[in-house]
Amino acid sequence: METLKIAVIPGDGIGPEVIAEGVKILKRTAELDGRFQFDFTYFPWGCEYYLQHGRMMDEDGIDQLKAFDAIYLGAVGYPGVPDHISLWDLLLRIRKSFDQYVNIRPIQLLNGAPCPLLNGSKEKINMLFIRENSEGEYSGAGDWLFKGKPEEVVLQTGVFSRKGTERIIRYAFDTAKKSGKSVTSISKANALNYSMVFWDEVFEEVSRDYPDVPTYSYLVDAAAMHMINDPQRFEVVVTSNLFGDILTDLGAALAGGMGLAAGANINPEREYPSMFEPVHGSAPDIAGKGMANPLAAVWSASQMVDFFGYEDTGKTLLDAIETLLEENRVLTPDLGGTASTSEVGDRVSDILQEMI
Ligand code: NAD
Ligand code: IPM
Ligand code: MN
C-alpha cells in the first residue's frame with residue numbers, strides 16, 4: 001500500500017476548523033479505497049505563531065516541507081498581523097519556493113448548490129480556471145520612494161517572463177486537449193501595454209501548436225461581464241495571477257459561494273510538493289463559531305486524491321459533496337442550513353461510506 005506524506009498547515013481563523021474536516025474525510029477515503037494511506041504531520045504556522053516568534057513559519061520551514069508528497073493548507077491571515085507580512089511569509093512563500101506555478105480552480109456548479117443567477121442553466125456552469133501562480137502582478141517587485149514626502153511614489157512591478165507565461169498557457173492547452181474543451185485567455189492589452197500585449201502574443205504563438213483546440217480571448221472587464229451573463233461560454237480559462245485571483249472569487253459566487261471554492265497549487269514537474277487549499281481566507285467574521293463550510297476544503301482534498309493518480313476515488317469524493325448538497329439537509333448557514341462544520345464533515349464521511 002502506498003503511504004502519502006502530507007504536511008498539514010491549518011493556519012488561521014476558520015483554517016483549522018475546515019482542515020479538521022478535510023483530514024477526517026481524507027482518512028476515511030483512504031480506509032475505504034484501500035490502495036493508499038496518509039501520514040499527516042501538523043505545522044502550527046500562522047499568525048499566532050508570528051506573534052510568538054516574529055515569523056510565520058520556521059526559518060527552515062521550506063526545507064522541512066520538501067520532504068512531503070503534498071501540503072494541505074487551511075487559510076492564512078488574521079487581524080493583528082499585517083496581511084502583506086503574513087501572506088508573503090507563508091502562503092505566497094510556499095507557492096513561489098515550490099514553483100507551484102499552476103493554480104487550478106474549478107468553477108463548477110454542482111447539483112443542489114445555490115446559484116445567484118436567475119436564468120442560470122445550472123448544469124452548464126463548468127469552467128476550469130488555470131491561474132498563473134508564480135509571477136505576474138504578484139512578482140513582489142517594487143519600490144516605495146520618498147516615503148511621507150509630497151513627491152512620494154510607489155511602484156508595483158508586474159513581471160511576465162517568457163518561460164512563466166508560456167508554461168501556464170501550454171498547461172491550459174494540454175488540459176483542454178485532453179478533455180476536448182476550448183481555451184479562453186483573459187488579459188487586458190488595451191491598457192497594460194507591455195505585460196498583456198506580451199501575454200496575448202504568447203497565447204497566439206502557443207495556440208498554433210494546438211490547431212484542434214478552439215480558442216477565445218477576452219479583455220478582463222468584458223470577461224467579468226460574460227461570466228455573469230453567459231457563464232456557459234467558458235471551459236478551460238487561462239489568466240494572469242491577479243486576474244485569476246479576482247475572477248475566481250466571482251466564479252465562486254456563481255457556483256455556491258466561497259464555502260465551495262477549491263484550489264490546487266501545482267508544481268507539474270513534481271520537483272517539489274504541490275499544495276491544496278480552499279480559495280477562501282480565514283473568515284474572521286465567522287471564525288471560532290463552528291459554522292464555516294468545510295466543503296471547499298473537502299473539494300481541495302479531492303483534488304489532492306486526483307493528483308496522486310486515484311482519480312476514480314477523487315471523483316467519488318466530489319460526488320459525495322454533490323449528494324450532500326442534493327440532500328439539502330446537513331448544510332452550514334452560508335448554504336441556508338443550520339448544521340455545524342463538523343456535522344457537515346461527518347455527513348460527507350457517511351455518504352462516502354455508502355458510496356464506495
Ligand atoms: P474570506 O474568504 O476569509 O471571507 C470572505 C467572506 O466569505 C466572509 O464573509 C466569510 O465569512 C465568507 N466565507 C469564507 N469562507 C467561508 C466558508 N468556508 N464558509 C462560510 N463562509 C465563508 O476573505 P477576507 O475576509 O477578504 O479575508 C480574511 C483574511 O484571509 C485576510 O487576512 C486575507 O488576506 C486572508 N485570505 C487568505 C487566503 C488564503 O489563505 N488562501 C485567501 C483569501 C484571503
Ligand atoms: C487566494 C488569496 C491569495 C491570493 C492572497 C491571500 C494572497 O486571495 O489564494 O486567492 O491573492 O492569491
Ligand atoms: Mn483570492
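Q: What makes a residue count as buried?
A: A residue is buried if 20 or more other C-beta atoms lie within 10 Å of its own, and it is exposed if there are 12 or fewer. Keep those cut-offs in mind as you look at this model, which is a predicted one.

Q: Why is helix 10 described as largely enclosed by the rest of the structure?
A: Eleven of its 13 residues are buried, so the rest of the structure largely encloses helix 10. Among them are Leu295, Trp299, Met304 and Val305.

Q: How do you know that the length of helix 10 agrees with what a helix should span?
A: Let's compare two values. At 1.5 Å a residue, the 13 residues of helix 10 (residues 295-307) should span 18 Å, and the C-alpha atoms at its ends are 18 Å apart, so the two agree. After the helix comes Gly309, with a positive phi near 95 degrees.

Q: What does the same check say about helix 6?
A: The 18 residues of helix 6 (residues 162-179) should span 26 Å, and the end C-alpha atoms lie 26 Å apart, so here too the values agree. This helix is followed by Gly180, which has a positive phi near 65 degrees.

Q: What do the buried residues of helix 6 pack against?
A: Their partners are strand 4 (102-108), strand 5 (126-132), strand 8 (183-187), helix 7 (195-207) and strand 10 (236-239). The buried residues of helix 6 include Ile168, Ile169, Tyr171 and Phe173.

Q: Is Ala283 buried or exposed, and how do you know?
A: Ala283 has 21 other C-beta atoms within 10 Å. The cut-off for buried is 20 or more, so Ala283 is buried. You can find Ala283 in the loop between strand 12 and helix 10. Its phi is positive, about 40 degrees, although it is not a glycine.

Q: Is Arg270 buried or exposed, and why?
A: Arg270 has 10 C-beta neighbours inside 10 Å. Exposed means 12 or fewer, so Arg270 counts as exposed. Arg270 sits in the loop between strand 11 (262-266) and strand 12 (274-278). Its phi is positive, near 60 degrees, in a residue other than glycine.

Q: Which residues does Ile71 touch?
A: Leaving out residues up to four places away in sequence, Ile71 touches Ala7, Ile9, Leu65, Ile94, Pro273 and Met275.

Q: How many residues does each domain bring to the contact between domain 1 and domain 2?
A: The C-alpha centres of the two domains lie 25 Å apart. Domain 1 brings twelve residues to the contact and domain 2 brings 14. On the side of domain 1 that touches domain 2, helix 5 (91-97) and strand 4 each give two or more residues. Helix 5 gives the most, with three residues.

Q: What surrounds the ligands?
A: Ligand 1 has 23 residues around it, and Gly77, Gly259, His280, Gly281 and Asn293 come nearest. Its shell has 13 nonpolar, six polar and four charged residues. Around ligand 2 you will find Gly77, Leu87, Leu91, Leu92, Asp245, Val279 and Gly281. That shell has four nonpolar, two polar and one charged residues.

Terms used
Residues are numbered from 1 along each chain as its sequence is written. Chains are lettered from A and ligands numbered from 1 in the order in which they are written. This is a predicted model: local features need pLDDT of at least 70, side-chain atom pairs count only at pLDDT 80 or more; totals for chains, interfaces and linings use all residues. Helices (H or I, at least four residues) and strands (E, at least two) are DSSP runs, numbered from the N terminus. The expected span of a helix is 1.5 Å times one less than its number of residues. Two residues are in contact if their C-beta atoms, placed from the backbone, lie within 7 Å. A residue is near a molecule or strand if its C-beta atom, placed from the backbone, lies within 6 Å of it. Ala, Val, Leu, Ile, Met, Phe, Trp, Tyr, Cys and Pro count as nonpolar, Asp, Glu, Lys and Arg as charged, and the others, Gly among them, as polar. Domain bounds come from an automatic or database domain assignment.
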